[in-house]
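Here are my notes on the model you sent over. Have it open alongside while you read, and tell me where you disagree.

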Amino acid sequence: MKIRLISGTCYVLLLAAFFCLKIFLPYGDFYFDGLLYAFALIGTFEMLRAVKEKTTKAERALVYAFTAITIPASVVIQQFYGIGFSALAVCFFALAVALLALLVIRHEETSLEGLGLSFLSAVYPTVFLTVMALMNHAVAPLELQAFGFDSRILILFVFVVSPCSDSIAYVFGCSMGKRFPKKMAPTLSPKKTVIGGIGGLVGGLLGAAALYFIYNALAGSYAQMYIWLPVYLLIGLVASVATMFGDLVESCIKRKLGLKDMGNIMPGHGGALDRLDSAFYSTVVVYLAFAIISLIV
């Protein structure tokens, strides 16, 4: 438990340091991109190591190339032309063509299972982290900027709400799990209980509420609280559901691959993917919420 606490604290401090670089330094967004890029490289290594026996060197090389290119290309094109998602789509399409070409070029050693695992290793984590990097460069309409709704709050939603959801879920599960032992997904993750899931929802709401009051006290405005506080709470609630779903997806992948952890870079937690799994899906939720609000406002 002590090692887990130390490594978890180091992870939080690392995120906080790069977030401060994002806020206070010129072109600070690119520093946070660098952190996400490092996560993508480490996570891809963990995934490809896990599926090494079922994939070929050529497939793994293509996935590594996809990871190395996609985040920088998407970020640069987003910054200068505002079409980062198009760059992501082009990179993924190029990977798909290259992987499928292996069926013809190296058909004897290329299997459909290997291709499927290669696609999975590209999506998880690189596609998700590219979305997070694009969210890091999101530009809100002026109407939203007046309420402090910009890329900073989007990043905070992911890295505040998800840990709050995880933490309160753990507290609920430990304190009330014996009294309410019903399992959420007994075959995928036997330790997760329904009462822990309820705690996760409570944690998401608490994290979103804390984020609203603290962030607006420092950088925003409390104008029209009757609108924006419920918006924050709704995003926090849905993001907490996405957080729990991400945990279950990670558990399912590890169970299918016969692994306890995806890596050991974070003692007590496992690998980078074990730490980031919940953030992947909450990123999608937060970015979609931002897009919807931008259209409405």
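**Notes on the predicted model**

1. Fold order first: reading along the sequence, the pattern is α-α-α-α-α-α-α-β-β-α-α-α. That comes to 10 helices and two strands, where helices (H or I, at least four residues) and strands (E, at least two) are DSSP runs numbered from the N terminus. The radius of gyration is 20 Å, close to the 19 Å that the globule rule gives for 297 residues, so the protein is as compact as a globular protein of that length. For your own check, the radius is taken over C-alpha atoms and the rule is 2.2 Å times the number of residues to the power 0.38.

2. Ground rules before the details. This is a predicted model, so local features need pLDDT of at least 70 and side-chain atom pairs count only at pLDDT 80 or more, while totals for chains, interfaces and linings use all residues. Residues are numbered from 1 along each chain as its sequence is written, and side-chain values use heavy atoms, with hydrogens and water left out.

3. Overall dimensions and surface. The C-alpha trace spans about 65 × 55 × 35 Å along its principal axes. Of the 297 residues, 47% are buried. Here buried means under 20% relative accessible area, exposed means over 50%, and partly exposed is in between (1.4 Å probe, protein chains only).

4. Contacts and charges. Take the contacts (heavy atoms within 4.5 Å) between residues at least 6 apart in sequence: 73% of them join residues at least 24 apart. On the charge side there are 21 positive and 16 negative side chains, and the centres of the two sets lie 11 Å apart. Lys and Arg count as positive, Asp and Glu as negative, with His and the chain ends not counted; each charge is placed at NZ of Lys, CZ of Arg, CG of Asp or CD of Glu.

5. Helix 4 (residues 84-105). Its 22 residues should span 32 Å at 1.5 Å a residue, and the end C-alpha atoms are 31 Å apart, which agrees. The expected span is 1.5 Å times one less than the number of residues. Buried positions in helix 4 include G84, C91, L95 and L102. What do the buried residues of helix 4 pack against? They pack against helix 3 (57-81) and helix 5 (112-135).

6. Helix 7 (residues 151-176). S167 and G204 are 37 residues apart in sequence and 9.7 Å apart in space, C-alpha to C-alpha. C174 lies in helix 7 too, and C174 is exposed, at 51%. C174 and S151 are 23 residues apart in sequence and 35 Å apart in space, C-alpha to C-alpha.

7. One backbone angle to look at. Y27 has a positive phi of about 55°, although it is not a glycine. Where does Y27 sit? Its place is the loop between helix 1 (2-24) and helix 2 (28-50). Y27 is exposed, with a relative accessible area of 65%.

8. Two more positions for the list. A38, in helix 2, is partly exposed at 32%; A38 and I6 are 32 residues apart in sequence and 21 Å apart in space, C-alpha to C-alpha. F245, in helix 9 (residues 225-257), is partly exposed at 47%. F245 and T70 are 175 residues apart in sequence and 25 Å apart in space, C-alpha to C-alpha.
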